[in-house]
Every structure is written in C-alpha cells, then in structure tokens.
Amino acid sequence: MRYTQLSANEIAQKVQAGELKASDMLDASLAQIRAVDGDFGSLDGQATDPETDKKVHAFISLTEEMARAQAQAVDAKVANGEDAGLLAGVPVSIKDIFALENTVTTAASRMLHNYRAPYTASAVQKLMDAGALIVGKVNLDEFTFGSSNESSAYQPASNNPWNTAHVPGGSSGGSAAAVAAEETPLSLGTDTGGSIRQPAAFCGVVGLKPSYGRISRYGLIAFASSLDCPGPLSRNVEDAALMLQVMAGADERDESSATLPVPNYLEALQQDVKGMRIGLSPDYAGIAYPNHKTGEFEIIPVQEEIKQATLDAAEQLARQGAEIIENVPMPHTRYGIPVYFVVSRIEASSNLNRMDGVKYGFTVADARDLQDLYKRTRTEGFGPQPKLRILMGAYLSAASKKVNYYQLASQVRGMIRRDFELAFEPKGAYQLDALLTPTTPTTAFKRAEVFGDSVLMQYADQMTVSVNHAGLPAITVPAGLDNKNLPIGIQFIANHFREDIVLRAAHAYEQSTLDAVWRKVRPMALQEVN
Amino acid sequence: MKEYEIIVGLETHIQLNTETKIFCACKADSWEAEPNTNVCPVCTGQPGVLPRLNAEAVQKGALLAAAMHAEINPCSIFDRKHYFYPDLPKGFQITQLFEPIGKGGYLDLYMPDGEIKRVRINKMHLEEDAGKTKLEHGQRMVDLNRGGVPLVEMVTEPDLRSGEEAAQYLSQLRELLRWIGVSEADMERGHLRCDANVSIREKGSTAFNTKTEIKNVNSIDSVRQAITQEAKRQIELVESGGKVEQYTLDWDADTGKLSMMRSKEGEADYRYFREPDLQPVILSNAEIEAIKASLPELPYARRRRFVEEYQLSAYDAEVLTSERGLSDYFEEAVALYAKEPKTISNWMMNDMIRLMNDTGKSAKGLVLKPAALVEIVKLIDDGKINAATGKSLLVKVEQTGKSPATIVEEESLGLIADADSLRKQIETILAGAPNEVAAYRGGKETLMGWFVGQVMRATRGKADPKLTREILLELLKD
C-alpha cells in the first residue's frame, strides 16, 4: 500500500514505531500533490497544464520548507525515543483562511494576496505541536463565501476528484479535494453554514463540525463570528476523532472557546451503538425553498439515492442495536437559510470592514485621497461574493431599517435551537442521542451549473446550517455513490459537546459498510495516476 | 438686549489606568513610546484575531459608575460601531450602546459660592480607544500605540449653564477620577478628553435650540474660555437676526480661537450590532456590592467630616482633601496623636506640603511616615526640642530614613533641661555682664530678652526657653 493511502492514525503509529520516517511520508505526500493537483490556484489563473481540467487543484501554496523542518524534528524525536505526538509525521493541509506565521494567508481573495500573517492560528499551532507536517494551504471560496469553490479569486479553483467536471463543494472544497485525492490524509477546514460537511459529502470524505467553542477560532479569518467553527476533514472517522482530539480545548485567546474538559474521542469509538436513540425527521426529506412570488415554501425533495442511503444507514444501525425514532419534527429547519442570510451577512460585512488598504493586503497605488483609497481598494480587491455580502449586510443592519433584523434573526435562531432541544431532551418525547439526516440535497453539481445564482447556491446548505445556528456538533460520512459515481454523505447531529456521540454513530456505520461494493471504487482523479 | 441662558453638555473620554489594553495584553500606557511599538496582532486588527476582555477595565468602569451614583449593569454587552478611519484598524470600534456598564447617575458640583449643583449623567460606557494619525511631510501617518486603550465615555445631560460651571465639572471630575484611582486624569496626556455641546435660549424658555459641538477642549481653562466665547458668538448672532447652525468647531488652545470643522448633516450610520466575539459581562449581586463597598469616602464627604470631626477651617479641610493620599496621611497622623488635630493640620498645611513640593513626592511616597511626624510634634510639645529643630528634623528624616529620636540623639539636638548645668552657664554669663545686670536691677526689665538671647547663643539654641527664663528671673532678683 502506498503511504498516501494510509490513514493519519496509521501514519502516526508507524512513525512513532520507527517503521516510517516523517520525511519519507512528506515526500510521498508532495509526490502525490505533484501527480494529481496540477496548477495551483493563482490570481492570473493561467493554466499551463493541457490536462488541467482533469486535475484536482486543491492547493494555493505549499509550505514545503516548514513541513521539511517539522518532519526532521519528528524524526529526531523518534530517534531520541521521545513522544513525537498524536499526529507524528502526518501531512496536513490547511484551508487558506487560517493565519500561519510568515506565510501568505490569502483567504482566496485578491484583497489578501500579499498578506503575511504575523502570528499563527491556535488550531494550527496545536496541530504542529502534535507533530503534524503543515504541507500547504488549500483553496476555498473567497473568504469562505460559497458552496462550490468557484468564487475563489485563485483559479483554477479545486475540482471534485470523483469527477473533475464537478465542483468539490465549499467553502472547504480544497480541503475535501486534497483529502479525497490522497494528497494529505487530514485537512483543517471551517464550517459556518456547512462549509466542512457539504464539500466532505461531495468528495466522499469525513467532515466534522464540532460544537461552537470546542476548537478555538483564534486565527481563523472570520466570516460570521457567531457561527464559524474550525474542524477536521479526513478519510475515516477515526482520523476525524484523532484530529479533533488534538485541536479541541479552551484557548485564552478566544473568549467563546469552551472550558469544558476534552473527553477521549478515540476511546468513544470503541463503544457500539446498542441502545443509542437515533432520530429521522421529515423536515430533512427535502429543502424548503421560498417562492418569491407567493411567499410560500415549495418543498424540493432530496435526491432519491441520498434519501435511500440515509434510510439504509438507519437500518444498518438498527441491526447493531440502535433504536430508530421516526418522524421527529424539526419544524424550524426551513428558516435556517433565511436566518443565515441575515446573521452571516451582517457579521461578514462587519468583519470585512478591516480590509481597507491601510494596514495590509491589497491597496491601490495611486489613491487621490482617503475616500478614493477606500473605495477603489475595496472595489478592486474584493470579488463578487464579498461585495454581495457586504451590501446585503450593510443593508440589513442600516440604522434606517425599522426592523432590527439581526435581533429578529437571533430570535428565530432560538426557535431553531429549540427544535434540537426538544429532540434531545432526556425527559422529552423523543429522547434522541443523535439525529440522522442527509448531508446535502444533491450530490456534487457540475461546475458553472449553480454558480452565479447566489440564492440557489445558498440553499445547498439547508441540511447543514441549522446545526450552526444551534452551535451543535455534526459529522458527515460517506454513504455510497449515486448513479454517476458521485459520493453521497449522511449526517449525524448530537447535543452540545457530544462529539463523542456523532463520532460513535458515524464510526459504527462506517465499520458496518467496510465491505460495501461502493467503497472499492476509486475517485476518477486517482484512477489515472495510481 | 434679551437675557439669554447658556446650555452646556459635556462629553468626556476617560482613559482608565489599567495595566494592559482592554482587549489584548499590550501595556495600556505607551507615553513617549516610538510609534507602533506597543502593538500586537489584536490591537492592529489583523485578520483572524479575537478580542478578550480585560477584567480590570470592567472593575474600574464599574467603580466609576458607583462613584457617579449610577446603577451598575449586572449584564453589560459590547457592540460594534462601524466607520472607516485609518486610526481604527478593524473598521469598527468595540463599544457599548444598548447595555452599557453604568446607567443614570450624577455628579454634585460644589460651587465656589457654596451652592451644590447636580449634573446628571446621560450615558456611561466602556470602549476601546482608537490610534492616532498625524500629517508628516504631506503624508498621513498612523500610530496604533493608543489603539485598544480602555476608555469610559461619559456624557452629561445639558445641565451646565456657563463656561465656569463646565470648568468646575471638569475640575471636580478630574479630582474624583484620581481620588478613586481609576484614571491618572492628566489632561495634557489625553487621559481626560472633553467635547462640549453649546446652545443658548432666552431666559425662561425650556426649549432646546440648535447646538454646536466644540472638539478638543482639553484643559480646564480651554473649557471655560471656549464655551464662554461660543455662547457669546451665538448670542451676538441671534441678536443680529442670524440663526445658529449645527457646526462642529475646533478649539485652538494656543490662539484661543474657535474654527469651524464641518457642518453636521444628519447622523452617520454606524450599523451597531452586538459584538459576537465577546461574552456578556456578568456581574453578580455580590460582585456589585463588593465594588460599591470598595468605593472610598469621596472628597466632599471627607472635607465635611474634617471640619466637623477635627474642627478644621474650611480652607484647611479643602487643602488637606485635595488629594486622597494627603488626607489619608493627615488622618493617620491624627489617629496617632488624637488630642491635637489642629496642630497636625498646621504642620501638614505648612511644613509637610513644602516638603512634598521640595522633594516632588506625594504624601504616599514620602519616607517620612505619619508616625515620624507625630514623634517630632510630640518631642516639641514635651519640650525636648524646639520648633526650629522640629522643622529641620522633617528634612533630615526624609533624607536619612532614621527616626527623629535617633537624629536628636546623634546630633545632640535635645534641649538643655538640666537645671543645675544651665544655672552654672547662666551664672557665668551674668558674671561677664555686670553693667547689664545693674541696669536690669535698676528697673530696665526689657533687658530680659537680651539675657535670654545670650543664653541661647551660648547654648546654641538648645536651652529650654521656659527654664532659662525661670533661672534668669531668680538670679537677677537680687
């Protein structure tokens, strides 16, 4: 087996045991990137590779020197008989939205094309402290604003390794693509409305969005501060647990980080699902899309194969002793996207105010005066998505509005949270441990198919966004392929800080399908090179 | 000419004297530091950073609220106020709009004529300071050292009626801030900044007319002058048939002139919303009570008590309570020598204040502690040393740190109170001055002073004056 097909846990154990050198692991990872990634995304977007449409394009930049030094440090530790960490020698890619000292952190925007961060994000620091090798920065939608990766200012943006004519999803599309294409076994992503889970589902990998506050946000360039969560993308559930283990915990630099003790997630995986109460909800059977003429919601059912995969998963778990509770009402799920439009746009518009051309990043060279500097820097520095979101956010938070939309949306967020509280209430009618849902309404769409319709693109997040509103943990795991050989993802959601439960349920499902036929199929991008 | 009334409200920015900035670990004080040397990723607004609240700023803000008789908010919340300016690195200021740290409150002004004037507080909240910009060689330079320094913004109701009242307010606020220890309140260093809103109306009217805002009135004299001048301008304008327009004016303290900065056309849209990166600031009942309990006796209460309890004059009480450390020093000394508050007061008012001025130290910073002062006063009262020696002892104790008794011993400064040895010396002096003795005995009793002087000269001032006189009277009787 090639090194790049090893799981993170296997790599770390082999490295610690002296069976595999971190430096060799790094070489293998870099070789895979050279083989499958093609041109990295860049501002001029000039492809040099005739095969560019068949490539993954997960990366924006490599941090090879840093990774090399980290590998040498790990190998030296192992040679000295020291503990080299839970992620000893594991190559990790970082969504290019995390600050990493002395490297360019672009947020996939022209606005930060030359921004060298003077500090390192807490989550990234914890990965490095655990022996991980930071291989490079991967692509994303500009400032994480999107669900397809297409809005990146760094083109070519990532493709879906399963079919490179399709999008990898977003915004952590580069992360999902890098993991699916075996470039790195782990990637650090972020999830604001589904930005880890949706691309993970599209690319057939595992994606975990932890509870809000479980992993520090310090150093994550903020999209919507009250929703953002860093989290792992990996090829199996155990690796997601391992990466979470390393990154979880309180951080004095982030007031919203939780001070609750971090449980042993790897141990939690050892437990089965006997007696676990897993719910299914009719409110996750389709997406509710408001008809802008009538104001009524129209229900568009989820893709049949995805619905079937979800029900199959329920059956698998029932066979292992889980109790399946059907018809759990989650009536406010349909307001998830409208509320998200308000909260995330207002917060995003505010967070982007600091991009003014004065201190760092892109700036116009020939500004006539201060106003001209601001206007032209932001006009030329931002792509269409940031502009749309700034406009929408400014409009919604304008003092002239009679309604305080932010406050109103916060109230509806409370109602969405209440749906989950009732479902998980230990003395309530449902007493769920976890909710099982599709991760996405469809499998990965074709490039350019949805891009350009910001509203429709946003509705791709309806299955995932309520979890962000409520601050809960949720995981997506691969659950088959559709008739076009595109991956299907299913999602487990649990109560606050019960990452252990979603990991357990996902792990049990994964282990019960290890021999499934669809697991033998390799992504298209790997078939030619490996 | 009609009679006019001047309406003034003051907006003050108070820099809290915390150790670190309000949302990061940088030092709060960067006076005279090179530009941009006291900064970090957080206070320069790097992408991805998060604020974390300095608890000391909350404590000091709440203490100020207590001192202003405001209600301390048990759950105050930070908001973002958005605008673009180069000295504002995040493009928004973290401040409090909807749930500020203090609600309501007032400051009672003790006017020189003895009247008490209550000035109500309209709002009081915590916020971060911005950096500074300046023009240099035609370029706008930004210095973010001051960015993130904790401020309390405090705005009065339009309760002040003259430049003089405004000056009184600022002066007494400054005293209060120093007294409770929340701010150095040094106006020259920008610890206490002030903008003034000024309007006029005909006497008897209750309407509020268009006001102008004067920026940068950053000394007590400036406040008095600028407001007086602006009110005069408005009155003359209205009298000549003009109309006051809503201007922002800039005060130039060097020329003593007001100049127009810009006309204010409607409020800017700051798009306030709750700061999602900070948790609500929760203060329990017990914490609020503890903050209130830690509030020291305020200057005016202490002043009144000094007059009543120690029978000090109003003037002495005012001087002794002009600074909290000074009044504490006085009370500590009085506690050690309870029968003589007036004597202690005299020493404080004259020699101690001179000693502090000469050494540049505050009462707290003196080597000479209240106990040593009391020891010196007792030595004089007990006739062990004379007053002049006592005064010189103050300086010597301050310089050497030795106790007064030790210095008296080492330098033989004690009075000669031994009657036998003194009698012998006086006999010798009288024997050497037969003419004067004869003249005295002949009725020229005014020579007594001369004899005392001779004794003092011979003993280098150390003779106990009372005993000297007694012996002289006895020996000259014959």
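Biologist: What is the strand order in the open sheet of 3 strands in chain B?

Modeller: The order is S5-S4-S16, and the pairing is antiparallel. Bear in mind that this is a predicted model.

Biologist: Which strands stand at the edges?

Modeller: Strand S5 (92-95) and strand S16 (273-274) of chain B. Each has a single partner strand, so one side of each has no neighbour in the sheet.

Biologist: How many bridges pair S4 of chain B with S16(B)?

Modeller: Strand S4 covers residues 79-82 of chain B, and 2 bridges pair it with S16(B) in the antiparallel sense.

Biologist: Which residue in S16(B) stands opposite B:Asp79?

Modeller: B:Arg274.

Biologist: Zoom out. What is the secondary structure of chain B?

Modeller: Chain B has 15 helices and 17 strands.

Biologist: What radius of gyration does chain B have?

Modeller: Chain B has 31 Å, whereas a compact globule of 478 residues would be near 23 Å. Along the principal axes, its C-alpha atoms fill a box of roughly 100 × 60 × 55 Å.

Biologist: How much of chain B counts as buried?

Modeller: 40% of its 478 residues. On contacts, take pairs at least 6 apart in sequence in chain B: 70% of them join residues at least 24 apart.

Biologist: Which domains does the assignment give for chain B?

Modeller: Domain 1 is 4-287, domain 2 is 297-410 and domain 3 is 419-475.

Biologist: How far apart are the C-alpha centres of domain 1 and domain 2 of chain B?

Modeller: The two centres lie 38 Å apart. In contact there are 5 residues of domain 1 of chain B and 4 residues of domain 2 of chain B.

Biologist: Where does the largest share of the domain 1 side come from?

Modeller: From helix H2 (residues 163-179) of chain B, which supplies 3 residues to the side touching domain 2. By class, that side of domain 1 of chain B has 4 nonpolar residues, no polar ones and 1 charged.

Biologist: What about cores? Which residues have the most contacts inside the largest nonpolar core?

Modeller: A:Ala434, A:Val502, A:Ala505 and B:Ala196, in a core of 238 residues. A second, separate core has 37 residues, including B:Leu312 and B:Leu415.

Biologist: Back to B:Ala196. What does it touch?

Modeller: Leaving out residues up to four places away in sequence, B:Ala196 touches B:Val8, B:Leu10, B:Ala166, B:Ile214, B:Val217, B:Val223, B:Ala226 and B:Ile227.

Biologist: Over to chain A. How many residues of strand S6 are buried?

Modeller: 6 of its 6 residues, so to speak for residues 229-234 of chain A, are buried.

Biologist: Which of them point one way, and which the other?

Modeller: A:Cys229, A:Gly231 and A:Leu233 point one way from S6(A). A:Pro230, A:Pro232 and A:Ser234 point the other way.

Biologist: How many bridges join S4 of chain A to S6(A)?

Modeller: Strand S4 (residues 186-191) of chain A is joined to S6(A) by 6 bridges, antiparallel. A:Gly189 has A:Gly231 as its bridge partner.

Biologist: And how many join S5 of chain A to S6(A)?

Modeller: 2 bridges join strand S5 (residues 206-209) of chain A to S6(A), also antiparallel. There, A:Gly207 has A:Leu233 as its bridge partner.

Key. Residues numbered from 1 in each chain as written. Chains lettered and ligands numbered in written order. Predicted model: local features only at pLDDT ≥ 70, side-chain atom pairs only at ≥ 80, totals over all residues. Buried ≥ 20, exposed ≤ 12 C-beta atoms within 10 Å, placed from the backbone. Helix = DSSP H or I, 4+ residues; strand = E, 2+ residues; numbered from the N terminus. Pairing = 2+ DSSP bridges. Core = buried A, V, L, I, M, F, W, Y, C linked by C-beta atoms within 7 Å. Contact = placed C-beta atoms within 7 Å. Rg over C-alpha atoms; globule rule 2.2 N^0.38 Å. Domains from an automatic or database assignment. Nonpolar A, V, L, I, M, F, W, Y, C, P; charged D, E, K, R; others polar.
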